[in-house]
Amino acid sequence: MNSPKPDAAAAPAATAPRTLYRKLWDSHVIAEVPSGEGEAESRAALIHVDRHLLHECSTHQSFEALRVNERKVHRRETHLAVPDHAVSTSLDRLETIDTGNAAGAQVERLASNVAEFDIPYVPLDDARQGIVHVMGPELGFTLPGTTLACGDSHTSTHGAFGALAFGIGASDCETVLATNAIVQQRADTVKVELSGAMGPFVTAKDVALALIGKYGAGFATGCAVEFTGEAVRAMSMAARMTLCNMAIEAGARIGLVAPDETTIEYLRGLPLAPSPALFAQAADYWRTLPSDPGALYDRTVSLDLDGLAPQVTWGTNPQDAAPVDGTVPAAPVEAEAARQHAKALAYMGLETGMAIEQIGVDVVFIGSCTNGRIEDLRAAADVARGRRVAQGVRALVVPGSMAVRQQAEAEGLDAVFTEAGFEWRMAGCSMCVAMNDDRLGEGQRSASTSNRNFEGRQGRGGRTHLMSPAMAAAAAVTGHVTDVRKLEEVPA
Ligand SMILES: CC(C)[C@H](C(=O)O)[C@@H](O)C(=O)O
Ligand code: SF4
């Protein structure tokens, strides 16, 4: 970093063991923000923002502010913009763009803003277009040891690379565009210790849902969560991204996985990763980032993965997770929690004691920045292969990026899906969020691989059950929530 060193007195002694989070934080502090008189130690600092991703839903205001304040973009090459939330995922979307509607106008405004400020842009007709949190990593824009900001809560996804990645507000986007710096509060750290190993058909999504189910949706509020353990080391980058993505649903600001050889091999050769001449040097630096032995965390939580079943949410909060072979739980004793429980069940049209596998579905959505990567599509295709979408069910497969779509087609997965009766779509946020044409109708029930099941999240009155891609595909072919581990083999 070429930024000035933080005040030596405020920095921890060089020999004290540090967490990954603390190393990332310390290496980006430009200046500590002094605490006010009578205040406890200040944790605020102006930190350098190395990279910034933009999408059409959270940035228009920031460009407006740049214009009004007559500010310029400080370093254009550190930003990258792409339309993803509002875009259509229909196959003819390039021919049917309607700038007369709100969604089309949003995309058009992003295009004109980035043109005016000369910001690198991946337009809708580009082979690299995709959800910011899928596209950034696959281009090598996301790198270990960097800070990465985006006006989007699920920016934590990029922490899977050992990057300090965090969501920012619309007014912060202006500051980042103009200065590549932002004031942040140093977060408390939570270590998540995963022990044991995942069984067949159990995925990072199930781990995330089980963790939030066990400790509650607020267990890491405002914190930086680091996922550790042998199971994490064995995970692909896609699985690590799923974990860090879902950290937000535990209230966290930041999700992290320490970079290792899996990270390094994933990045080698990517278009925006360090060139071959610099790669070894970069990788050597990345290897210094993992938390030091003995580094202290503010809190530690743990989850044993041995015997963990695929998870399904039954309520309107990601913490309302149950094993697929379980039942809709009884109301908690505490009055406010009992009220929430009753409200969730009324909205979801479910009753206590009902078997999770009895829940029928109308729509299946496979995609999003949580589970729209090639590994996710492969897992879903393995279930779909040789089977048929159940009568009356609409099933969509929406690749997280056009590169994922292309890879899936190269592997013949599109044919697997379409032969089974799934819709094969273009890339975007799609039915994860009701900001485009893909949405649930009133009262419709979905099996969804996305990350949020709040009331109306997938469309007004829609009912969302979160689960993994293989589980969503199993629901598609049976018409109800199904334990994918028990599906009969398809005869060869
Ligand atoms: C629209 C956007 C700002 C929002 C977010 O911040 O996360 C969206 O991506 C979401 O998942 O709800
Ligand atoms: S896929 Fe969903 S969670 Fe991810 S950025 Fe888009 S709307 Fe947000």
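UniProt positions are given here in the numbering of this text, feature names are shortened, and annotations may be inferred rather than shown by experiment. With that in mind, the unreviewed UniProt entry puts the feature "binding site" at C369, C429 and C432.

A word on the model itself: it is predicted, so local features need pLDDT of at least 70 and side-chain atom pairs count only at pLDDT 80 or more, while totals for chains, interfaces and linings use all residues. Residues are numbered from 1 along each chain as its sequence is written, and chains are lettered from A and ligands numbered from 1 in the order in which they are written.

What surrounds ligand 2? The shell takes in H85, I131, H133, D152, H154, S368, C369, C429, C432, V433, S450 and N451, where a residue counts as near if its C-beta atom, placed from the backbone, lies within 6 Å of the molecule. By class, the shell around ligand 2 has five nonpolar, six polar and one charged residues; Ala, Val, Leu, Ile, Met, Phe, Trp, Tyr, Cys and Pro count as nonpolar, Asp, Glu, Lys and Arg as charged, and the others, Gly among them, as polar. Around ligand 1 sit C57, S58, H85, D152, S153, H154, G167 and V433, which split into two nonpolar, five polar and one charged.

Next come the helix pairs. Helix α2 (residues 60–68) and helix α5 (residues 170–179) have axes that come within 8 Å and cross at roughly 55 degrees; axes are lines fitted to C-alpha atoms, for helices over the stretch in contact, and angles run from 0 to 180 degrees between N-to-C directions. That angle makes α2 oblique to α5, given that under 35 degrees is roughly parallel, over 145 roughly antiparallel, 65 to 115 roughly perpendicular and the rest oblique. The contact is made by Q61, S62, A65 and L66 of α2 and A170, S171, C173, E174, L177 and A178 of α5, with contact meaning C-beta atoms, placed from the backbone, within 7 Å. These contact residues divide into six nonpolar, three polar and one charged.

Helix α13 (residues 374–384) packs against helix α15 (residues 413–420) at about 45 degrees, with the axes 9 Å apart, and that makes α13 oblique to α15. Here L377, R378, A381 and A384 in α13 meet L413, V416, F417 and A420 in α15. By class, this contact has seven nonpolar, no polar and one charged.

Key
Helix = DSSP H or I, 4+ residues; strand = E, 2+ residues; numbered from the N terminus. Contact = placed C-beta atoms within 7 Å.
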